[in-house]
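Dear colleague,

I am handing over the structure below, and my notes on what was found in it follow directly after.

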Amino acid sequence: MTPAEFRTSVLRHLKYAIGKDEQHANTYDWRLALTMAVRDQIVDRWVASTKATYDGHEKRVYYLSMEFLVGRLLEDAISNLRLMDVAHDALHDLGIDLKAIVGNEPDAALGNGGLGRLAACFMESLATLGVPAYGYGIRYEHGLFRQRFEGGRQVEEPEDWLRQVNPWEFIRPEAAFEIGFGGHVHVKGVRGVWRPSETVVAEGHDTPIVGWKGHWANTLRLWASQPTQLFDLDRFNRGDYAAAAAPEALARTISRVLYPDDTTPEGKALRLKQEYFFTAASLHDIVRRFESAYHDLRELPTKVAIQLNDTHPAIAGPELVRILLDERGMAFEDAVDTARYCLSYTNHTLLPEALERWPEDLMRGLLPRHVQLIEMIDGSHAKQYPSRAVAICENGQINMGELSFIMAHKVNGVSALHTELMKKTVFNELHALHPDRIVNQTNGVTPRRWVLGCNPRLAKLITETIGPDWIGDAERLAELDPAVKDAGFLERYADIKAANKSELSNWLSTEFGFSADPRAIFDVQIKRMHEYKRQHLNILEAIALWQEIRDDPDAGWPPRVKIFAGKAAPGYVFAKEIIHLINSVATKINADPVTSPYLKVIFAPNYNVTLAERLIPAADLSEQISTAGKEASGTGNMKFALNGALTIGTLDGANVEIRERVGAENFFLFGMTADEVIKRRTVANHAAKAIAADKRLARAIDTLRDGTFTPDQPGLFAGVADNISGHDYFVVSSDFADYWRAQREVDRAFADAKGWAAMAARNTARSGWFSSDRTIRGYLNDVWNADIASAMVDRAAE
């Protein structure tokens, strides 16, 4: 397509879809018109891909996830279609800045952290590889929340991304399913007839996801909850206007907010409703699609691979059994086997409390037939393994981790360490019964967004050095390794990092009035707020460093800017206190005339994909400091390494594999191993002993109690201090001294600019293995028993 042809398409949409002419169009209008012109190009490929899948009778992959953190789609789509120059030239001829138009797009508020971003990377890689696939989730109206700070405290406000038209989505009224809750069940033999007392309609909204080079496009189908009865006209005419609109308001509640606060019974019920709502709608859609082409449901596993992204869609097991048993008449044992060979489950946590457990009474009230089926599944498994020491139903709870494991034919970890720890901890007993079920698929990220898109300067240097093929095959980044020895290459690499840092520094100044010296170490920790991720260890080290600099400001301290970002769950009080602490420390340190030339701290609000795309290319140091044995994998660590940030981290999650691949000499290791952490917790008063042995640590903790950062409320952070010096389950105090040592190693290494640039470049060159393309190939081979449909890709491309 030529710029002139593309310009004509944009102007046609501006006039006939938006209803504006060039003279009166604003940035929003131009973005919608541009998006529709790009979407036209994708739809041609989308339709061809769908036809090729049906014609080829290929197996489809269905990815069920509570989150899809896709971020902005416009720039990604233009890039994957290889229309960036065309779009730039077309808009430039119209006097329009492409960068400004792309920047006008809101982030889709469909996720929170790594779970949702992984799902988004997987969808892009599935399309890049030409794997017929659907992603299924919820079309949240208000997402998680928009974060702002008031007095340093997190304040949650609703996201408003859907206040504007979403030009990417296609509403599918034909893909609508009635979803029930509550009611009663009539049982005859093993079959049941469920009569729900409450129903809503799941309405499909489709977004096409195009892969690299635009050869293939898949579907992200998100469900919106609508009322079965739109409006009670009789009540309205009687003047009861609120009651007349109540059915719509209650139905839409299901798809309004991601992860509603579940500290109340109502919140718990809403979460369970959300999980069943999107899972049931997805399964009905999958079965409908299968039955449109095939007749024998026992063949379902040969055409359908369903991946459960964590335990949120765990109800898929009993729901698919219900469809096959109660609605299609299949025998119970056959229904269980058929469901199991369709289903596989990705575990994302080693925290027992994070493996969902629902009160049996709650589930029985909302999903009475499913509780019966879960009891039958549990009983069948117990009969098959009479010596088992684990159950799905126990102590009035329904364990969704155990349900997911028992109803999946494969269970995968997301890093090598996590997979081995799964076998030894959360699924120890089930692994002993099913030793071939657990497999490893280390996470990955798409290099199209996380290098080509967010770091165009670096992408250009890589392409000029080794050619463009790395974009579709990131493992070819290894071809950069010889260039690291070239002084000219390293100089250009360092210049790119400096330019990225200057750009971020200017943005921080414009947005927040925050001054960051681009020559400083940009030390970045951006992730969901949680005690195991140990943002409090990071800020504690900042406090200790501030004190040391004040003691001896002329000791040659390299300047450092600590950058935090991340959201705390609304009900997670301690995580919110850590945010408040970081902001309070930042206020004090940034205003200190003695130390501010050497140390500054900022917490950037409302972390999302777009903010990550700003921060990651400019980072010098990647903080991956979770308590060993608690982080399943991480994907931020991979993005940072690809973009040349050196990792300071523990032997946790995918850090282990990153260190192995980039080289121990290009990684700042600290802290106890997972086994050492377990042993340390058995030591009486382990935190107190660590504090007594480290005066630097003791002095830093004292500031949390004496009001150094909150003079008007001296004891405000005493609870944080008590946690660190008391039980300290996440061994912050015991790991502090080694963390301090590693940070001073960072200082010394950064002082050698050429040496640092070489270490950073080796991280880029050796991180190509952490591509989500590689991960998807692993799933295809080891989990889904499916192929890359190369012949179909060729047909679709034609």
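The secondary structure of the chain comes to 33 helices and 22 strands, where helices (H or I, at least four residues) and strands (E, at least two) are DSSP runs, numbered from the N terminus. The radius of gyration, taken over C-alpha atoms, is 27 Å, close to the 28 Å that the globule rule (2.2 Å times the number of residues to the power 0.38) gives for 798 residues, so the chain is as compact as a globular protein of that length.

This is a predicted model, in which local features need pLDDT of at least 70 and side-chain atom pairs count only at pLDDT 80 or more, while totals for chains, interfaces and linings use all residues. Residues are numbered from 1 along each chain as its sequence is written, and side-chain values use heavy atoms, with hydrogens and water left out.

Of the 798 residues in the chain, 61% are buried, meaning under 20% relative accessible area, with exposed meaning over 50% and partly exposed in between (1.4 Å probe, protein chains only).

For a local example, take helix 4 (residues 84–93), whose buried residues are V86, A87, A90 and L91. Seen down the helix axis, these fall within an arc of 120°, so they line one face of helix 4, the arc being that of the directions from the axis to the C-beta atoms. The face turned away from that buried side carries the exposed residues D85, H92 and D93. After helix 4 comes G95, with a positive phi near 75°.

Best regards
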